[in-house]
Amino acid sequence: MVVTVLLSIYIVTVVIQMFIPYLVRETSVFGVTVPEQNLGHPLLKKMKKQYTQVIGIVSILLLIVMICSMVLLTLDDAVQALLFMSCLFGMLAVSMVIYGVNYRKVATLKKREQWGIHVKQVRAVDVTARSREEMLPWPFFAIPISMTVFMIFFTLWHYDQMPQQIATHWGPTGEADAWQEKNYFTAILLPLGMLIIQSIMWGTADSIKRSAIKVAVNHKEASVEEQLKTRKYISWNTAVVSYALTMLLTVLQLSNIYPSIATGKRLLPLFVLFLIIVLGSMTIYVWKKRQLRVRYDNRAPVSVMDIDDDRYWKGGLIYINRQDPSVFVEKRFGVGWTVNLGNPRVYVIYGIPLALLIVISLLAVFTYS
Amino acid sequence: MFIEIEPQSTVPIYEQLTRQIIEGIARGDMQAGETLPSVRSLAADLGVNMHTVNKSYHELEAKGIIFIRAKSGAVIRSADERVLTLEQLQQIEKNLKPVVAEGMVLGATEKQIEDMMKKVFADLQLRVEGV
């Protein structure tokens, strides 16, 4: 079971990682903004192709290692899992290194050939786009929270009938593998954690809504369409994951109150379902994103280009811009969004829940010892 | 309706914003009664400080082009609500003066300047009739 889970995660990650250069906005090549008329540069095409090929070969080799170890060696489950995780991180490390090298190459090329230095930089905005926004309204993210609050009260109500040992950790097969002594704190530990994760998801969806709808100045209509759809899908995706997580953790908490729910491998289908929903929703998002991608077929010189904000992108990966009110920006390299570390809101949305999580885990350890 | 801002221009961003909103209304891209985006979201979309957008909206309000309500936001006034006052006319004339003067100094004839005015009018109205 662990093997299947890790294998499916590995394959999904590899496929996404391989095709990242073809998934991101075409005018950002390895994290560097490239003006439209320079997109046809042969070196860029070659680098993208090489990146995909190398990642492909490395991950197939690693996959062979994984399968061989599974078939030929009879490894302990834990050792097997460790090996798979190392392969996954190894693959990610290789792709990061190639990315880093290519980022430098493109940045140097851009500087040497002075790309876009005489093109007027413009920020375009559609003032009517906000009225066509289709992101889910906030109550969708508040419902799971009310569910959790209900679970906390429900647990306290049934406190007496709970067993003396509270499960706090579950293996991938759906069986509990760590327990703690019952007290009022450990009894509601799970819903508390759930509450924090749900708040983070709500905060994320809300911050994306407050972030910029970015218009590509030479493809205004198409890019607005793409942005509105992306925002819609990301908010659905966040909601789906939030609901799936709520469902899973609610059942786990119920199994703490009624242990018969979790006997044997009864919870296994639930774990599988959770995994399918989360991976599936992510895959659909990536696929939709690929479909929506704005095409820059016309390589003719343009008189205006979007603002070149490369200087705010450290290494093409980390975005720090104090002037930008957006909390979330689309990643330069990778699927999804990244935060603007120059915006104090980020530290409120993620810092507070993270601090709470640490406090709760410390308290849990403290009460345990 | 699209707005294009040039951060490197010598014209301040709030001024560019004000001009383009006015132009959009003149062209009929935005109609009376329509609401402008909230200050917060327009600032996010432009990637500028909220004060910049706020300043522009207040300028538009001072000119009598929009009205700002606490709940509904910045709404474009209809032509009937926008009564042209003598002061406003004088202000327009004042703004026009340096432009015409520059043209005269550079040697543009009265006829050329008049034609230019007609052309600007035609450019803005073309869209209204086109829709």
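**Group meeting: a two-chain model**

Let's start with chain B. Chain B splits into two domains: domain 1 covers 13–76, and domain 2 covers 86–130. This is a predicted model, so keep that in mind throughout. The centres of these two domains of chain B, taken over C-alpha atoms, are 24 Å apart.

What is chain B built from? Five helices and three strands. Reading from the N terminus, the order is β-α-α-α-β-β-α-α. Along the principal axes, the C-alpha atoms of chain B fill a box of roughly 50 × 35 × 30 Å.

Now chain A. Chain A also has a domain 1, residues 1–113, and a domain 2, residues 127–369. Over C-alpha atoms, the centres of domain 1 and domain 2 of chain A are separated by 24 Å.

How do the domains of chain A meet? On one side, 23 residues of domain 1 of chain A; on the other, 25 residues of domain 2 of chain A. Look at the domain 1 side. Three elements of chain A each supply at least two residues there: helix H1 (2–23), strand S2 (32–33) and helix H3 (77–112). H1(A) gives the most, with seven residues. By class, that side of domain 1 of chain A, the one touching domain 2, has 14 nonpolar residues, seven polar and two charged.

Helix H2 of chain A, residues 42–71, packs on H3(A). The angle is about 170 degrees, and the axes are 10 Å apart. Angles over 145 degrees count as roughly antiparallel. So H2(A) is roughly antiparallel to H3(A). The contact of H2(A) with H3(A) has 19 nonpolar residues, six polar and one charged.

Next, the annotation. The unreviewed UniProt entry lists eight stretches of chain A under "transmembrane region": 6–24, 54–75, 81–102, 140–159, 184–205, 233–255, 267–287 and 347–368. Let me take two of them against the model. Residues 6–24 of chain A are 95% helix and 0% strand, and the end C-alpha atoms lie 26 Å apart. Residues 233–255 of chain A are 100% helix and 0% strand, with 33 Å between the end C-alpha atoms.

On to the interface between the chains. Here 20 residues of chain B are in contact with 22 residues of chain A. Which elements of chain B give two or more residues to its side? Strand S1 (2–5) and helix H2 (39–46) of chain B. The largest share comes from H2(B), with seven residues. By class, the chain B side has 12 nonpolar, four polar and four charged residues.

Strand S3 of chain A, residues 120–126, is joined to S1(B) by four bridges, and the two strands run antiparallel. Which residues pair up? Val125(A) has Ile3(B) as its bridge partner. Ala124(A) has Glu4(B).

To wrap up, two things to look at on screen.

Terms used:
Residues are numbered from 1 along each chain as its sequence is written. Chains are lettered from A and ligands numbered from 1 in the order in which they are written. This is a predicted model: local features need pLDDT of at least 70, side-chain atom pairs count only at pLDDT 80 or more; totals for chains, interfaces and linings use all residues. Domain bounds come from an automatic or database domain assignment. Two residues are in contact if their C-beta atoms, placed from the backbone, lie within 7 Å. Ala, Val, Leu, Ile, Met, Phe, Trp, Tyr, Cys and Pro count as nonpolar, Asp, Glu, Lys and Arg as charged, and the others, Gly among them, as polar. UniProt positions are given in the numbering used here, feature names are shortened, and annotations may be inferred rather than shown by experiment. Two strands pair if DSSP finds at least two bridges between them. Axes are lines fitted to C-alpha atoms, for helices over the stretch in contact, and angles run from 0 to 180 degrees between N-to-C directions. Angles under 35 degrees count as roughly parallel, over 145 as roughly antiparallel, 65 to 115 as roughly perpendicular and the rest as oblique.
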